[in-house]
Amino acid sequence: MYTVVVLALEDVIAFDLATPVETLGRVRLPDGRPGYRVVVAGPEPEVGAGPLRIGVGAGLDEVRRADLVVVPGRNDTSAPTPPAVVEALRAAAAAGTRLASICVGAFTLAEAGLLDGLRATTHWLAAEELARRHPAVHVDADMLFTDNGQVLTSAGASAGLDLCLHIVERDHGVAVAADAARLAVAPLQRSGGQGQFVLRNRPTHRTATLEATLAWIEEHAHRPLTLADIAAAAGTSNRTLTRRFHAETGQSPIQWLTGVRVRHAQELLELTDHTVDRIAAQVGFPSPSNFRARFVQTVGANPGAYRRTFGRA
């Protein structure tokens, strides 16, 4: 039986903490034995978790006995990790213990230097910040989870469940994982591919000098726009506009426009019963086939799969 230690640090996200406790703690092998011994451990006997206070059953010494250490996220990703926790995680990694993060728990692993040179993911809203703070980490915001062998990371919220089921399958096989998935009332493998449904191209503080131009694109994205049209609206040359977009968004103006159109399409797929062809025309794509290709490229699922997942029907 594997011992799993779930770290509970101050300001832990309760959902992230509960996911491995409930999912792994309820795994049963074919002969009825538990698949995991799950322990909640941390440097303090009690931690805050938003509006909750959570008792912590074990200290950091338990990390040394773990086969897997799971690091949930914390609400404030800028809060430093206690030195004793960093030391415990590094020692566990050196001993060959598997480490996994859920959501922004990746920031804790990255702070300990355990994601350097590895592909990692986190909640898509925090992915840019993780990459900025830890440039040695190969951040992939499109993945539900990553598995580097010893170190695993997952995206936000329900992606932690996907990661836990992946761990069960890896440890005990498909049949046991399928039972765990049924118990959790969740698919063993999510339809639509292993990707986050990222909401693209939203203005941020980093795009302040482009604010008026981005607002103009939002309003006119349904039109057959060219680079020259956008530059004219911005009152600048094509070259200057392209340079500003690359500096502030990492994209070309046309790439940003495509992302805006896809985001508008996502909203229509969620809220209306319009056909895919009609939505393609409404948001400004030149043809339904072009829309489908760009949507899959950007979202990681086709429009029909996206609507089945998020549509109000």
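Which residues does Thr 153 touch, not counting residues up to four places away in sequence?

1. Basis. This is a predicted model, where local features need pLDDT of at least 70, side-chain atom pairs count only at pLDDT 80 or more, and totals for chains, interfaces and linings use all residues. Residues are numbered from 1 along each chain as its sequence is written, and side-chain values use heavy atoms, with hydrogens and water left out.

2. Thr 153. The residues it touches are Ser 101, Leu 115, Ala 120, Thr 121, Leu 144, Phe 145, Thr 146 and Leu 163. Contact means heavy atoms within 4.5 Å. Thr 153 lies in strand 10, residues 151-154 (strands are DSSP runs of E, at least two residues, numbered from the N terminus). Thr 153 is buried, at 0% relative accessibility (buried is under 20% relative accessible area, exposed over 50%, partly exposed in between, with a 1.4 Å probe and protein chains only).

3. Polar partners of Thr 153. Its side chain reaches the backbone nitrogen of Thr 121 at 2.9 Å. The side chain of Thr 146 makes a polar contact with that of Thr 153, at 2.5 Å (a pair of N or O atoms within 3.5 Å; within protein, one must be able to donate a hydrogen and the other to accept it, and residues adjacent in sequence count only if both atoms are side-chain atoms).

4. Tyr 2. This residue is in strand 1, residues 2-7. Tyr 2 is partly exposed, at 30% relative accessibility. Beyond its neighbours within four places in sequence, Tyr 2 contacts residues including Tyr 36, Asp 67 and His 172. Val 38 is 36 residues away along the chain, yet the two C-alpha atoms are 8.4 Å apart.

Terms used: Helix = DSSP H or I, 4+ residues; strand = E, 2+ residues; numbered from the N terminus.
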